[in-house]
Amino acid sequence: MQAFGTLESNVRLYSRSFPTFFSRARGSIMLTEDGRKVIDFFAGAGALNYGHNNHGIKAAITEYLASDAVVHGLDMATPAKLKFMETFSSVILRERGLKYRFQFTGPTGANAIEAALKLSRKVTGRQNIISFTHGYHGLSLGAVAASGNRFHRKASGVSLSGVTFMPYDGYFGPAVDTADYMRKVLLDMGSGIDSPAAILVESVQGEGGINVANKEWLQSIQAIAKETDALFIVDDVQMGCGRTGEFFSFEFAGLSPDIVVLSKSVSGYGLPLSVLLIKEEVDAWQPGEHTGTFRGNNLALVSATAAINIYWRNQIFSQSVHRTGELMRRRLDAISLKHGNSFAVRGRGMALGFDCQMAEIAEATAHTAFEKGLIIERCGPVGQVIKFLPALTIDSETLIQGLEAFEESLAETLNKLAPLP
Ligand SMILES: *Cc1c(COP(=O)(O)O)cnc(C)c1O
């Protein structure tokens, strides 16, 4: 491990929280080089919804590789790309009454966000993007300008502009409907807030602390976008691909965004792939206006197609995500109750947060959990929320084992910080 301190930049992050060599992985278990088994409740920050090295998906890509089919082809036409678009259109979109064109951006979520913001500004001729408190959209300059976290904003080193932040659902507690405030200032010619090119929202804020927007609020936000002639963009990079139970995180509210941003789990295998879904009427791009060397990598498109074919052709997978999510929530609620209900449990589907209120508690708990063989990460503005993001395919035995390790780690932490008499 020491070599990483000299060879790799100081910028490395996760190898500090989880200081060991990971050599192999399958499903929700990672193996360390010294033979430890670690349960993964982080799933590549949501890039591994179908688990590590999912064997069904792996079969599709090994076959593709063995056949010498085109892996890198810039954005040239390939059968693999056509198959992905056709499969996604018929299995995911048509079933949900949605119709989109596909834009393959550079492979990061941040690059897809850049493309969505550029396109909105181009379509509307306006600059201002509405984003939300505690929102996270990636760390390239355009994307970080729309992200709330001060630590990340400061690291950009330049002034970030073109974005106005509005209070997310629940920002002032349950009594205040922040959509009312937003509608008022966006429709008021004298509010000082420029007409928006787009409203960019996450239906559950992943990095921001697992903050959940309710259905009516999201519907209001979409309506406000219409009323102000702004595009409505849902960033489904982390909460899409089944994380909240349905394929898209906004389905439960019946939304129809102008642009949907997908990345993280869309390839199904942890391969880098980002996709914008754009309504035909806003597809105002000139050829090559947003380009890049690595767009729509064919290997990732093959794994993405396999994931859809395996998991999304019927309701069974979605139902199991809901069931597992409920089990997780009951268990986390019970843990909170054990400690006098002083912790808040939030989330939807299999994206859950356990708000420790204090970063110190969350940090020590995650640290202890790793010693017990569990990977959990923290989120929220100061890292005070423990984030539960296991693979959607996790078996119940591994899930319960992980939750027990968390429960013990929390109890030990609380006892250490405020020892029982
Ligand atoms: C991770 C994430 C991004 C950025 O994706 P990268 O691939 O890390 O650039 C954008 N939006 C949301 C909601 C994310 O969770």
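**Figure 1. Salt bridge between Arg295 and Asp75 in the predicted model.** In this predicted model, Arg295 and Asp75 form a salt bridge whose closest N and O atoms are 3.2 Å apart. The two residues belong to distant parts of the chain, 220 residues apart. Arg295 sits in the loop between strand E12 (275–278) and helix H11 (298–311), while Asp75 sits in the loop between helix H4 (55–66) and helix H5 (79–93). Arg295 has 8% relative accessibility and therefore counts as buried, the cut-off for buried being under 20%. Asp75, at 44% relative accessibility, counts as partly exposed.

**Figure 2. Salt bridge between Glu207 and Lys387.** The side chains of Glu207 and Lys387 meet in a salt bridge, with an N to O distance of 2.7 Å. Lys387 is buried, its relative accessible area being 0%. Glu207 counts as partly exposed because its relative accessibility is 25%, and partly exposed covers the range between the under 20% of buried and the over 50% of exposed residues.

**Figure 3. Salt bridge between Lys372 and Glu412.** Lys372 pairs with Glu412 in a salt bridge, the closest N and O atoms lying 2.7 Å apart. Lys372 is found in the loop between helix H13 (359–371) and strand E15 (374–375) and Glu412 in helix H14 (residues 396–417), so the pair ties together parts that are 40 residues apart in sequence. Lys372 is partly exposed, with a relative accessible area of 34%. For Glu412 the relative accessible area is 34%, and this residue is partly exposed.

**Figure 4. Salt-bridge network of Lys99, Arg101, Glu280 and Asp283****.** In total, the structure holds 14 salt bridges.

**Figure 5. Nonpolar surface patch of Met1, Phe4 and Phe21****.** Together, the three residues Met1, Phe4 and Phe21 have about 240 Å² of accessible area and form a nonpolar patch on the surface. Phe4 is part of helix H1 (residues 2–7). The relative accessible area of Phe4 is 30%, and Phe4 is partly exposed.

Terms used: Residues are numbered from 1 along each chain as its sequence is written. This is a predicted model: local features need pLDDT of at least 70, side-chain atom pairs count only at pLDDT 80 or more; totals for chains, interfaces and linings use all residues. Side-chain values use heavy atoms; hydrogens and water are left out. A salt bridge is a side-chain nitrogen of Lys or Arg within 4 Å of a carboxyl oxygen of Asp or Glu. Helices (H or I, at least four residues) and strands (E, at least two) are DSSP runs, numbered from the N terminus. Buried means under 20% relative accessible area, exposed over 50%, partly exposed in between (1.4 Å probe, protein chains only). Patches are made of residues with over 30% relative accessible area and no salt bridge: like charges are joined within 9 Å, nonpolar side chains (Val, Leu, Ile, Met, Phe, Trp, Tyr) within 5 Å. Accessible areas come from the Shrake-Rupley method with a 1.4 Å probe; for residues, only the protein chains shown count as cover.
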